[in-house]
Amino acid sequence: QVQLVESGGGLVQPGGSLRLSCAASGSIFSIYAMNWYRQAPGKQRELVAGISSGGSTNYADSVKGRFTISRDNTKNTVILQMNSLKPEDTAVYYCNAFRRTVFGVTYDYWGQGTQVTVSS
């Protein structure tokens, strides 16, 4: 089991920045791929950014060059640095821990979400 707690959401003006944190506990953090998803009202949840257990990163096209994901395995924390925020970034952001074993067993955990609102 992995417990995930997000923090750092809030209200920010267009062009501003926010830093989301996700603190993990309960299992071996370093073996999980960590992801940030978001869900805007009336829309499906979408992958924003991910970082593998080895540190490889991937981003949605809509956030490339503006968002940066990082992890600190010594602190069991994953960070999403969001710069140049736009109104369309407004959503609830969720932290996700994912792992698939060599036997095909998957482990998939979610945080409770944190609201990000970009508005003037």
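1. Let's start with a strand pair. Strand E3 (residues 18–25) and E8 pair in the antiparallel sense, over six bridges. Strands here are DSSP runs of at least two residues, marked E and numbered from the N terminus, and two strands count as paired if DSSP finds at least two bridges between them. One of the contacts joins Leu-20 to its bridge partner in E8, Leu-80. A word on what you are looking at: this is a predicted model, in which local features need pLDDT of at least 70, side-chain atom pairs count only at pLDDT 80 or more, and totals for chains, interfaces and linings use all residues. Residues are numbered from 1 along each chain as its sequence is written, and side-chain values use heavy atoms, with hydrogens and water left out.

2. Leu-80 has a second bridge partner to look at: Ile-69. E7 and E8 pair in the antiparallel sense, again over six bridges. Step back and you will see four strands in an open sheet, in the order E1-E3-E8-E7, with antiparallel pairing. Strand E1 (3–7) and E7 stand at the edges with a single partner strand each, so one side of each has no neighbour in the sheet. From one strand to the next, the twist averages 15°; the axes behind such angles are lines fitted to C-alpha atoms (for helices over the stretch in contact), and angles run from 0 to 180 degrees between N-to-C directions.

3. Buried means under 20% relative accessible area, exposed means over 50%, and partly exposed is in between (1.4 Å probe, protein chains only).

4. Which residue in the hairpin of E7 and E8 takes a positive phi? The residue is Asn-76, with a phi near 50°, and the hairpin has four residues between its strands. Asn-76 lies in the loop between strand E7 (67–72) and strand E8 (77–82). Most residues other than glycine have a negative phi. Asn-76 counts as partly exposed because its relative accessibility is 24%.

5. With a relative accessible area of 40%, Ser-84 is partly exposed.

6. Thr-77 belongs to strand E8. Is Thr-77 buried or exposed? Thr-77 counts as buried, because its relative accessibility is 16%. A polar atom of the Thr-77 side chain lies 2.9 Å from the backbone oxygen of Lys-75. A polar contact is a pair of N or O atoms within 3.5 Å; within protein, one must be able to donate a hydrogen and the other to accept it, and residues adjacent in sequence count only if both atoms are side-chain atoms. Thr-77 and Glu-6 are 71 residues apart in sequence, yet 9.7 Å apart in space, C-alpha to C-alpha.

7. Now the charges. The structure holds four salt bridges, each a side-chain nitrogen of Lys or Arg within 4 Å of a carboxyl oxygen of Asp or Glu. Arg-38, Glu-46, Arg-66 and Asp-89 are linked in a network of them. Glu-46 meets Arg-38 at 2.7 Å, N to O, and Asp-89 meets Arg-38 at 2.9 Å, N to O. This second pair links distant parts of the chain, 51 residues apart: Asp-89 sits in the loop between E8 and E9, and Arg-38 in strand E4 (residues 33–39). Asp-89 counts as buried at 1% relative accessibility and Arg-38 at 6%, whereas Glu-46 is partly exposed at 35%.

8. For contrast in setting, consider Asp-61 and Lys-64. Their side chains meet in a salt bridge at 3.1 Å, N to O, and both residues are exposed.

9. Finally, a surface feature. Val-102, Phe-103, Val-105 and Tyr-107 form a nonpolar patch with about 460 Å² of accessible area together. Patches are made of residues with over 30% relative accessible area and no salt bridge, with like charges joined within 9 Å and nonpolar side chains (Val, Leu, Ile, Met, Phe, Trp, Tyr) within 5 Å; areas come from the Shrake-Rupley method with a 1.4 Å probe, and for residues only the protein chains shown count as cover. Phe-103, in the loop between E9 and strand E10 (106–110), is exposed at 75% relative accessible area.
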